[in-house]
Amino acid sequence: MKSVLSVTIICLSYLFEIIIIPWIIVSMITLESLSGESIKSLEKQILDQILGRNTDRQIYDNRIRPNGSSHGNDGPCEVTVNFLIRSISEISDLDMEYATQLTFREEWLDDRLKYDNRDGQIKYLTLTDPSRIWLPDLFFKNEKEGHFHDIIMPNVLLRIHPDGRVLYSVRISLVLACSMDLKFYPMDNQWCDIIMASYGYTTKDVIFYWQTKEPVQVQMLNLPRFQLSNYTHNYCTSKTITGEYSCIRLELCFKREFSYYLIHIYLPCIMLVIVSWVSFWLDPNAIPARVSLGVTTLLTMATQISSINSSLPPVSYIKAVDVWTEACLTFVFGALLEFALVNYVSRCEAQKAALNRCSVGKNSVFDTQNQWNDSSTHNIDFQEGAIFFGMKPMKRKVCPGRRQPSIMLPEDGECGTDESSGDDDELTRWFRWLKKFPTRSKRIDVVSRIFFPAMFSLFNLVYWLTYLSVEEEKKKVGS
């Protein structure tokens, strides 16, 4: 008995594995396929029913806007808008425009599209032909160019929910105009708009609203010279002679990345200005070297300015970069003019030395020279320094009642109190230092070595304090 029972159990197990389990699997698949086919056929019937397919009369007319949702049947259709900013590919200062790609979504209620969801079996219907239903006539007011995406299939999504709520989503690429203010370029922030409005329907027919929750979503953006620092959404309903039209607006704040301009504009200009100062350390007689250095830096600076302006529109106001480049150009041009002055003074000194040699050969002036040699070094330095700075020629004049035997006074000067002796000592030390350099041309170079860097440093201090303070004020206002 036990052997017969065990054989029977083994046979039943084989029978279950070979026949019953495959039959159950096939039955489940068949039921699912039948259920899927029934749902598809049910969706087809509903679409034919609400859109008027296979009927003698047209039930749905896509030329007529739907009734209002909150103001009664005669109220305007309320369209809720939201979108996703997928990318911003280019922001052009020259053309004052920017390119962006959006996933644009609209949602509204059309009670003509209501249907029975068959106990939750149908969550929504997907329509592949949006032209079969009514769509809002929204357009982008500041659009320059735009196109839909249809690779591989048109990137359009249209869902109809059982309560008649319609979701319309489409992917579009736009080139939008952006009115830029470049007064503080390249330390500026630019506000660019996306303005959407109804073209034909007035506010009595259609009103656009931003979606309450997350009206704007932004994907990770990687812009080469800008950073999206902020964005705000508001309304811009406008009135014309044909009526009042609903309008919504998104404002994008683009902060310019200053590091790019610091490397490509400011540092090269600083180096060019410093290179132009090298001529102050060259010998005044090295005319070819100093001329070529001055002209080369001047032309390079002019080329730099031309390159900067080629990427910017011709505006009627002065930009921050214009102040910088023109100031640098002025310093480079001043260094070239300084060499012209040094060369002129050097030639005048050479001519004067030649005339002195001729006069020494003809006339004896030893008595005069001896008289001057008896004078103190203090007065010789003061006299030559005064001549260098264009002061009135000084002669020694003895004043009674003074411990010092004499002081330097103008030719028509009078003796008086010695209150300015301290100032004279300061000038004397300055002139004595200049006396170390034998010629006036060399002294001009020495003074220029101090004057030009000091003035350029002062300009940098004023420039950066001015524009950085303006930038801080703009941040406070924006926050």
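Cysteine 77 is buried (under 20% relative accessible area, with exposed over 50% and partly exposed in between, for a 1.4 Å probe and protein chains only), its relative accessible area being 1%. The model is predicted, so local features need pLDDT of at least 70 and side-chain atom pairs count only at pLDDT 80 or more, while totals for chains, interfaces and linings use all residues. Residues are numbered from 1 along each chain as its sequence is written, and side-chain values use heavy atoms, with hydrogens and water left out.

**Cysteines and disulfides**

- Two disulfides (pairs of cysteine sulfur atoms within 2.5 Å) are found in a search of the whole structure.
- Strands here are DSSP runs of E with at least two residues, and helices are runs of H or I with at least four, both numbered from the N terminus.
- Both cysteine 178 and cysteine 192 are buried.
- Cysteine 236 is joined to cysteine 247 by a disulfide with an S to S distance of 2.0 Å. The torsion about the S-S bond of cysteine 236 and cysteine 247 is about -60°, which makes the disulfide left-handed.
- Here too the pair links distant parts of the chain, with cysteine 236 in the loop between strand 11 (226-235) and strand 12 (238-240) and cysteine 247 in strand 14 (residues 247-256), 11 residues apart.
- Cysteine 236 has a relative accessible area of 15% and is buried; cysteine 247 is buried at 0%.
- Cysteine 269 is in no disulfide, and the nearest cysteine sulfur, that of cysteine 328, is 4.8 Å away. Cysteine 269 counts as buried, at 0% relative accessibility.

**Aromatic pairs and a charge over a ring**

- The structure holds 30 aromatic pairs; rings of Phe, Tyr and Trp (its six-membered ring) pair if their centres lie within 6.5 Å, and planes under 30 degrees apart count as stacked, over 60 as edge-to-face and the rest as tilted.
- Tryptophan 108 and tryptophan 134 have ring centres 5.9 Å apart and planes at 85°, so they form an edge-to-face pair.
- Since tryptophan 108 lies in strand 2 (residues 97-109) and tryptophan 134 in the loop between strand 3 (125-126) and strand 4 (138-140), the pair ties together parts that are 26 residues apart in sequence. Tryptophan 108 and tryptophan 134 are both buried.
- The ring centres of tyrosine 463 and tyrosine 467 are 4.9 Å apart and their planes are at 50°, so this pair is tilted.
- Tyrosine 463 and tyrosine 467 are four residues apart in helix 8 (residues 440-478), a separation of about one helical turn.
- Tyrosine 463 is buried at 3% relative accessibility, and tyrosine 467 is buried with a relative accessible area of 14%.
- Ring pairs link a cluster whose residues include Phe456, Phe459, Tyr463, Trp464 and Tyr467.
- Lysine 183 lies over the face of tyrosine 317, 5.8 Å from the ring centre; a charge sits over a ring if NZ of Lys or CZ of Arg is within 6 Å of the ring centre and within 35 degrees of the ring normal.

**Helix 3**

- Helix 3 (residues 287-310) has 24 residues and should span 34 Å at 1.5 Å a residue, which agrees with its end C-alpha atoms being 34 Å apart. The expected span is 1.5 Å times one less than the number of residues.
- Buried residues in helix 3 include Arg290, Leu293, Gly294, Met301 and Ile308.
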